[in-house]
Number of protein chains: 2
Amino acid sequence: MQNFNFHNPTSIIFGKGQMKQLDSQIPQNSKVLITYGGGSVIKNGVLDKVKTELAKSPREVIEFGGIEPNPKFETLMKAVEIARAEEVDFLLAVGGGSVMDGTKFIAIATVADEFKGEEEKILGFGFGPVPVKRALPLGTVVTMPATGSEMNMGAVVSRGEDKMPVMSPLTFPKFSILDPELTYTLPKIQVANGVVDTFVHTVEQYITYPAEGRFQDRTAEGILQTLIEIGKTTVDNPTDYDARANLVWCATMALNGLIGAGVPQDWSIHMIGHEITALFHVDHAQTLAVVTPAMWRMRREQKREKLLQYAERVWNIAEGSEDEKIDAAIARTEEFFHSLGIKTRLSDHSINEAGIERIIQNLEKHGMVKLSEHGDITPDVARKILQKAL
Amino acid sequence: MQNFNFHNPTSIIFGKGQMKQLDSQIPQNSKVLITYGGGSVIKNGVLDKVKTELAKSPREVIEFGGIEPNPKFETLMKAVEIARAEEVDFLLAVGGGSVMDGTKFIAIATVADEFKGEEEKILGFGFGPVPVKRALPLGTVVTMPATGSEMNMGAVVSRGEDKMPVMSPLTFPKFSILDPELTYTLPKIQVANGVVDTFVHTVEQYITYPAEGRFQDRTAEGILQTLIEIGKTTVDNPTDYDARANLVWCATMALNGLIGAGVPQDWSIHMIGHEITALFHVDHAQTLAVVTPAMWRMRREQKREKLLQYAERVWNIAEGSEDEKIDAAIARTEEFFHSLGIKTRLSDHSINEAGIERIIQNLEKHGMVKLSEHGDITPDVARKILQKAL
């Protein structure tokens with residue numbers, strides 16, 4: 001097992017009707033900025049519920065809506081201006097990964113004197129922590145299970161064709177309310193995206209090379225097996241509480257640091273996928289579904305032992321040669337994604353050889369030239385992976 | 001899945017040589033009380049290493065040794081007197097579960113004006129939080145993997161023949177340093193105890209009744225499978241780093257709230273075991289090894305579905321009738337404990353029918369009259385369970 005530090009201070013409040021705990025989580029007499037996305041939380045009544053709870057104590061509440069999927073720097077800076085002008089002291093994200101991620105950026109940018117007037121530089125630290133001394137405290141009410149942002153310190157923010165990570169231990173949410181029922185009204189495709197996103201978060205920390213992280217491996221396998229069991233059910237029957245609850249909790253557990261502590265991590269699927277989203281506006285999860293099978297086919301040797309373990313433990317594939325088992329596991333993964341209505345080829349998204357070249361150029365532009373758990377995915381290797389996904 | 005709140009703010013520092021992070025974890029200019037047990041940390045040099053690290057910043061350091069297994073109220077109150085007199089502001093537990101548990105009590109009692117002069121009342125709140133406003137901050141350097149105390153808010157303190165839980169969210173360690181190498185010098189029996197303790201912590205949160213906690217179930221199963229794989233290895237080959245690292249991390253994960261969040265919990269094995277330890281001075285883990293198989297044999301119907309799941313998923317028992325599978329799983333569990341050198345009968349500890357009556361009397365005295373996930377283990381049922389363990 002590798003050495004590691006693990007610290008996750010977010011308070012999780014999980015289950016039916018847990019919105020009633022919201023009032024007790026935010027200081028009285030605070031000035032709260034509620035952030036949300038395109039307005040579904042208005043239509044489905046979640047925003048009203050939030051405001052009703054916040055009104056139970058003396059506090060001022062203002063709102064900022066319109067944070068888009070793959071939240072844009074420019075949009076978020078509008079919220080920053082409001083938070084500064086109104087002297088907001090608590091942020092409450094009501095939404096999915098994009099709203100939570102965007103709110104983490106707002107939490108930093110609003111009070112980061114270090115970056116005043118050049119907030120775009122906050123996007124320049126990759127997976128390292130943004131060097132700031134403080135951030136506004138934030139909480140979340142989660143309406144879409146997928147990104148794990150509700151229990152981690154990471155965000156992804158877009159600026160033009162750049163989709164950049166933003167990390168800070170100051171942006172762990174103070175609390176996150178996870179009521180599976182709040183996600184019932186999601187469009188099916190977004191639930192399917194959530195299943196795939198959670199699945200690929202998990203494999204990025206699992207299908208690498210053996211490192212004697214037995215707890216971590218088995219916990220990752222448990223998430224994958226659960227997703228396989230409940231994925232199609234929760235897409236097809238959105239009000240099946242237990243299926244949805246298992247998706248919601250797995251989404252959180254897949255990216256809160258737990259399964260990745262003490263083991264190698266990859267993340268090349270994500271880095272390549274980010275460029276596809278930024279250039280071609282394909283949903284994040286759908287880029288992952290395209291890159292994952294191609295990555296494994298291309299990286300079969302580097303990942304052989306873990307791909308075999310995946311085949312045997314997650315898919316219960318006992319028959320055949322090593323390569324047959326690996327092939328079967330990749331095929332089963334693709335079938336699983338297809339069963340959710342998610343495509344797995346670049347051509348499904350009208351991306352061709354010329355598109356691949358644009359993706360490669362952007363990887364180079366963003367310094368993504370030594371990806372993977374071995375640091376050996378150069379742009380040339382990434383090109384070959386993408387060609388396998390055509 | 002059941003509703004739950006989950007919050008665990010302890011910072012984990014895991015791996016070889018991680019003692020070097022100690023200095024950065026405790027405020028400079030603080031006055032630290034190091035607590036430890038019977039002196040093994042002096043002999044094996046761990047205490048010296050701790051003091052060397054603490055000396056890297058200006059801070060005052062004093063020591064309190066002699067915290068015994070099943071730490072006694074009277075012993076701990078001596079440390080409380082010292083902490084008060086010396087105006088200590090940080091506690092550092094260097095040891096195993098007893099030292100960490102004892103230090104949590106010291107953290108509360110030293111500054112609990114609510115209980116001044118009647119600190120024994122701190123032991124009177126069972127599994128509910130002790131009603132105090134503050135506690136001294138504490139950290140731990142773990143030298144024995146077993147209790148999970150390094151990443152939870154619980155402790156068990158003994159007073160006469162009473163062995164009582166003490167819980168407070170104020171006693172989560174600020175940090176815990178888990179270097180598997182610091183545990184290499186443990187006597188084999190203590191390592192075996194640690195394996196069994198971790199195993200039974202896990203089953204108390206897993207072998208109950210189905211509740212659609214799929215992540216929780218699989219994570220619990222992962223801990224159990226890991227213990228089965230590495231248990232004997234780490235007892236027999238104490239310096240096998242990876243085996244020991246997996247034990248250490250599983251011990252922490254088994255009792256940090258994670259696998260029990262959202263699912264039913266039992267804890268009757270522990271409550272009955274505590275009485276055996278208090279009366280007959282049998283090691284905690286060894287009482288669990290005695291009660292567990294008898295509990296499952298007696299509670300076969302109440303736990304049928306989860307015992308079957310345990311048989312199939314943890315022991316890969318595929319053949320036979322339901323009852324044959326359950327019998328086989330219980331037998332395999334006993335064999336596993338035996339392989340570690342741990343006995344599984346009351347008679348192995350010279351406890352007879354008269355002894356059982358004393359245990360039952362103490363359960364009644366401590367109000368432990370409605371145990372288990374169903375609240376239906378009365379003293380009469382507990383008697384029958386213990387008779388099965390004779």
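I began with the strands where the two chains meet: β1(A) pairs with strand β1 (residues 4-14) of chain B in the antiparallel sense, over seven bridges. I then looked for a facing pair and found A:Phe6 opposite B:Ile12 in β1(B). The model is a predicted one, and I read the entries below with that in mind.

Next I looked up the extent of the contact. Chain A gives 39 residues to it and chain B gives 39 residues. The buried area between chain A and chain B came out at about 3500 Å², with 53% of it from carbon and sulfur atoms. I asked which three residues of chain A supply more of its buried area than any other three. They are A:Met1, A:Phe215 and A:Arg218, and they supply 20% of what chain A buries against chain B.

I turned to polar and charged pairs. Between chain A and chain B I noted 24 residue pairs in polar contact, both residues being at pLDDT 80 or more. I then listed the elements that give two or more residues to the side of chain A that touches chain B: β1 (4-14), α7 (214-236) and α8 (241-254) of chain A. The residues on that side of chain A divide into 17 nonpolar, 16 polar and six charged.

For salt bridges, I noted four between chain A and chain B. One that I looked up is formed by B:Arg214 and A:Glu229, whose closest N and O atoms are 2.5 Å apart. Over all chains the structure holds 56 salt bridges. I placed the B:Arg214 pair on the elements: B:Arg214 lies in helix α7 (residues 214-236) of chain B and A:Glu229 in helix α7 of chain A, so this pair joins two chains.

Last, I checked the record for chain A. UniProt, in an unreviewed entry, places "domain: Alcohol dehydrogenase iron-type/glycerol dehydrogenase GldA" at residues 9-180 of chain A. I found residues 9-180 of chain A to be 26% helix and 25% strand, with the end C-alpha atoms 22 Å apart. The unreviewed UniProt entry also places "domain: Fe-containing alcohol dehydrogenase-like C-terminal" at residues 192-362 of chain A. Residues 192-362 of chain A are 68% helix and 0% strand, and their end C-alpha atoms lie 27 Å apart.

Technical notes
Residues numbered from 1 in each chain as written. Chains lettered and ligands numbered in written order. Predicted model: local features only at pLDDT ≥ 70, side-chain atom pairs only at ≥ 80, totals over all residues. Heavy atoms only, no water. Contact = heavy atoms within 4.5 Å. Buried area = accessible area lost by both parts, 1.4 Å probe. Salt bridge = Lys/Arg side-chain N within 4 Å of Asp/Glu carboxyl O. Polar contact = N/O pair within 3.5 Å; in protein donor to acceptor, adjacent residues only side chain to side chain. Helix = DSSP H or I, 4+ residues; strand = E, 2+ residues; numbered from the N terminus. Nonpolar A, V, L, I, M, F, W, Y, C, P; charged D, E, K, R; others polar. Pairing = 2+ DSSP bridges. UniProt positions renumbered as here; feature names shortened; annotations may be inferred.
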